[in-house]
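Below is a short briefing on one protein chain.

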Amino acid sequence: MSDVNADDWVSAGHRPMGFPEFVIVIAAIMALNPLAMDMMLPALPNIGAAFEIPVANHLQLVLSTFLIGFGVGQFVMGPLSDRFGRRPVLLGGMAVYAVASVLAVAAPSFETLLLARALQGLGTAATRVIATSIVRDCYVGRRMASVMSLAMMVFIAVPVIAPSFGQAVLLVTAWRGIFVVLMLYGLLALAWCVLRLPETLPESERRSLAPADILSAFRQTVTHRQTIGYATAAGSVMGALFAYVFCAQQIFTGIYRLGHYFPLAFAAVAVGVAIAGFLNARLVGRLGMRVISHGALTLYTVVAGVMLLTESLGVLPLALFMVLSALMMFSFGMMVANFTALAMEPQGHIAGTASSLYGSITTLIGIVVGMAIGQSFDGTLLPFSVGFFLSTLAALAIVLVVEKGRLFKPHHRPVA
């Protein structure tokens with residue numbers, strides 16, 4: 001199918017929306033997840049005071065339970081949307097998100113709040129998985145890459161600015177006001193999709209939900225060395241990143257005493273991911289996924305080693321920590337998209353189910369690793385530094401096994 005014919009076919013796929021509106025809707029849907037995750041960071045001390053949480057590390061559950069819901073949800077959202085269509089599953093997920101936000105606003109206890117956060121994560125699993133599927137339904141080739149690049153610009157920018165949004169809300173209202181904002185945003189996105197976003201998966205292309213078919217696809221995914229190897233490696237490096245997010249408020253306000261300036265420091269560090277996203281898009285076609293991702297993993301390992309060494313010696317001031325954290329974010333940004341592409345490379349025939357399973361595996365491994373590191377926080381950076389270094393070494397060892405010791409070398413075909 002030529003690009004011209006593809007564009008002609010696709011234009012009917014999301015009618016009545018034009019191209020600009022379609023990109024904005026996809027970006028708005030994808031933004032639900034990082035917005036709900038990172039807006040909460042400045043509010044954690046307020047939540048702890050409201051519910052009289054005696055152990056500061058327990059407040060990290062506000063973040064980790066959200067991610068658990070997100071990780072578990074990805075198991076089912078892909079297969080469900082392949083069977084019943086994108087629109088009902090997407091709208092259902094967004095409705096769950098809105099209801100969960102209302103529950104969080106009214107939560108009478110910390111346990112109820114955690115339940116609401118898990119449901120929010122479950123709802124955003126639909127938005128994250130299905131937004132990508134909708135783009136794939138509507139566009140191919142260069143046009144699809146264009147849509148995803150534009151949408152990812154928003155997806156990358158949101159974690160950078162979300163804590164500042166959260167801090168701004170706290171200046172005018174209590175911490176529950178953040179959930180009111182999240183609820184209103186979710187309802188606006190839901191209404192927009194109800195009114196304007198059509199079904200993009202034709203009846204003729206829908207797949208069976210027969211247990212044998214799903215289990216077969218799962219088996220093919222988890223038994224392929226390249227797929228499961230890069231999934232577990234991605235989960236390991238993601239664990240260090242999750243641990244950083246879980247501990248960020250305690251690190252910047254407790255160790256470095258930044259107070260209300262914490263969102264600015266977090267944003268400055270997170271810019272590294274945005275820079276990596278732009279660079280990777282420009283370089284991957286020329287250098288290849290393995291060269292870039294293996295180089296980024298090497299940098300990740302060096303950064304982890306330097307952080308552990310300087311913290312062990314007691315010479316890790318704020319400026320150096322921020323530089324190392326920005327490099328951590330940058331190298332993660334150069335890894336994650338390429339690890340995903342390498343894992344999915346052999347799974348084209350079951351891409352939807354494999355993508356859902358990959359997302360769940362990486363997220364759940366990341367949560368386990370991130371929670372183990374985060375819950376060991378003791379008022380110093382030593383537990384984080386040790387966990388960062390060990391999880392990075394694990395990722396490097398996994399990639400070495402997958403590639404049979406041949407780092408940086410492109411392959412003519414996927415590893416069997």
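How many helices and strands does the secondary structure of the protein chain come to? The chain has 15 helices and zero strands, where helices (H or I, at least four residues) and strands (E, at least two) are DSSP runs numbered from the N terminus. With a radius of gyration of 21 Å, close to the 22 Å of the globule rule for 416 residues, the chain is as compact as a globular protein of that length; the radius is taken over C-alpha atoms, and the rule is 2.2 Å times the number of residues to the power 0.38.

This is a predicted model, in which local features need pLDDT of at least 70 and side-chain atom pairs count only at pLDDT 80 or more, while totals for chains, interfaces and linings use all residues. Residues are numbered from 1 along each chain as its sequence is written, and side-chain values use heavy atoms, with hydrogens and water left out.

**Overall fold**
- The C-alpha atoms fill a box of roughly 60 × 55 × 40 Å along the principal axes.
- Of the 416 residues, 53% are buried (under 20% relative accessible area; exposed is over 50%, partly exposed in between; 1.4 Å probe, protein chains only).

**Surface**
- The accessible surface is about 16,900 Å², with 71% belonging to carbon and sulfur atoms (Shrake-Rupley method, 1.4 Å probe; for residues, only the protein chains shown count as cover).
- L382 lies in helix α15 (residues 382-402) and is partly exposed, at 38% relative accessibility.

**Cysteines**
- The whole structure has zero disulfides (a pair of cysteine sulfur atoms within 2.5 Å).
- C193 is buried at 1% relative accessibility, and C247 is buried with a relative accessible area of 1%.
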